[in-house]
Amino acid sequence: MLTLASNAWSQQATIPSITEADMARARRQQPQITDADIERARRANRMPSEAELARVPIQGTPRIDALPQPTSVHRPVDLEALAKGYERAVGSPPQGAFPGGPGLMVFVSFSIPEPTLARLVDQAARSQAILVIRGFVNGSLKETVARVKDLIGSRKVGFQIDPQAFDRFAVTATPTFVLVRNGAVPSDCGGNTCFASDAFVSVVGDVSLDYALEFFQRSAPAFDKDAAVFLKRLKG
């Protein structure tokens with residue numbers, strides 16, 4: 001067994017010899033590249049001329065400032081902060097209307113029919129009631145100011161943007177009329193101000209301001225004198 005294994009290993013270890021004839025044959029089989037071949041390849045893949053390069057349009061430099069910006073970087077509009085600036089632009093509530101006496105607020109929106117809005121603006125000017133809206137027209141303070149100025153004209157009307165007031169008095173539809181009794185004192189509730197349930201009355205509907213006030217007198221006798229203050233101004 002040892003002799004057979006030795007013979008097998010010696011056969012596997014035999015290295016074939018390469019002769020000069022083998023090398024010559026391998027050289028003959030390799031393709032020969034001539035100067036003609038090189039010239040033919042140069043003509044097939046030539047460089048473009050100056051005239052051809054001039055006809056190629058040059059791409060403009062991209063404008064980094066014009067690239068779309070991700071929406072996540074835009075901060076939400078602070079309605080409360082802008083509302084304060086809006087009050088300075090349009091005008092503060094008339095002196096003595098609220099809180100130096102009973103307060104009358106009319107919650108409106110620009111979706112209310114134009115004749116109803118015009119009537120409420122006229123009656124608010126005469127009674128010194130305050131018109132309150134929740135937010136801005138199309139999210140724009142500029143558009144809102146322009147819309148309000150077109151609506152009230154030269155009349156003296158207290159006009160406020162106060163989204164918190166809608167929550168404070170549980171206003172879910174417009175127009176809503178809210179009468180706050182004389183001497184009512186708001187209290188702090190969760191970072192906001194609230195009035196006790198017996199400190200105000202409200203009614204919702206497409207009615208005139210005098211109708212709402214007379215309704216308060218009939219349905220809530222405790223607010224009769226407060227409603228009479230505004231009725232007197234309205235009819236005076």
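**Around Q128**

Modeller: Q128 is partly exposed, with a relative accessible area of 29%. In these terms, buried means under 20% relative accessible area, exposed means over 50%, and partly exposed is in between, using a 1.4 Å probe and protein chains only. Before we go on, please keep in mind that this is a predicted model, in which local features need pLDDT of at least 70 and side-chain atom pairs count only at pLDDT 80 or more, while totals for chains, interfaces and linings use all residues. Residues are numbered from 1 along each chain as its sequence is written, and side-chain values use heavy atoms, leaving out hydrogens and water.

Now to the backbone. Q128 has a positive phi of about 65°, although it is not a glycine. That is worth a second glance: most residues other than glycine have a negative phi. Q128 is found in the loop that leads from α6 (114-127) to β2 (130-133). Helices here are DSSP runs of H or I with at least four residues, strands are runs of E with at least two, and numbering starts at the N terminus.

On one side, Q123, R126 and S127 in α6 meet F230, R233 and L234 in α10, where contact means heavy atoms within 4.5 Å. The residues of this contact divide into two nonpolar, two polar and two charged. For those classes, Ala, Val, Leu, Ile, Met, Phe, Trp, Tyr, Cys and Pro count as nonpolar, Asp, Glu, Lys and Arg as charged, and the others, Gly among them, as polar. The axes of α6 and helix α10 (residues 224-235) come within 7 Å and cross at roughly 110°; axes are lines fitted to C-alpha atoms, for helices over the stretch in contact, with angles from 0 to 180 degrees between N-to-C directions. The two helices, α6 and α10, are therefore roughly perpendicular to each other. That label covers 65 to 115 degrees, whereas angles under 35 count as roughly parallel, over 145 as roughly antiparallel and the rest as oblique.

Another partner of α6 is α7 (141-152). The axes of α6 and α7 come within 10 Å and cross at roughly 70°, which makes α6 roughly perpendicular to α7 as well. Here E114, L117 and V121 in α6 meet R147, L151 and I152 in α7, and this contact has four nonpolar, no polar and two charged residues. On the way from β2 to α7, the loop holds N138, which has a positive phi of about 55° although it is not a glycine. N138 is exposed, with a relative accessible area of 65%.

Strand β1 (residues 103-107) is mostly covered, with five of its five residues buried. G103, M105 and F107 point one way from β1, and L104 and V106 point the other way. Three bridges join β1 to β2, which run parallel; two strands pair if DSSP finds at least two bridges between them. V106 stands opposite L131 in β2. The chain crosses from β1 through α6 to β2, and this β-α-β crossover is right-handed: with the strands pointing away from the viewer, the path from the first strand over the helix to the second runs clockwise.

F107 has T176 of β4 as its bridge partner, and L104 has L179. By contrast, most peptide bonds are trans.

Stepping back, five strands form an open sheet with mixed pairing in the order β3-β2-β1-β4-β7. Its edge strands, each pairing on one side only, are β3 (158-161) and β7 (200-204). The twist averages 20° from one strand to the next. Helix α9 (residues 209-219) packs on the sheet, touching β1, β4 and β7, and its direction makes about 130° with that of β7.
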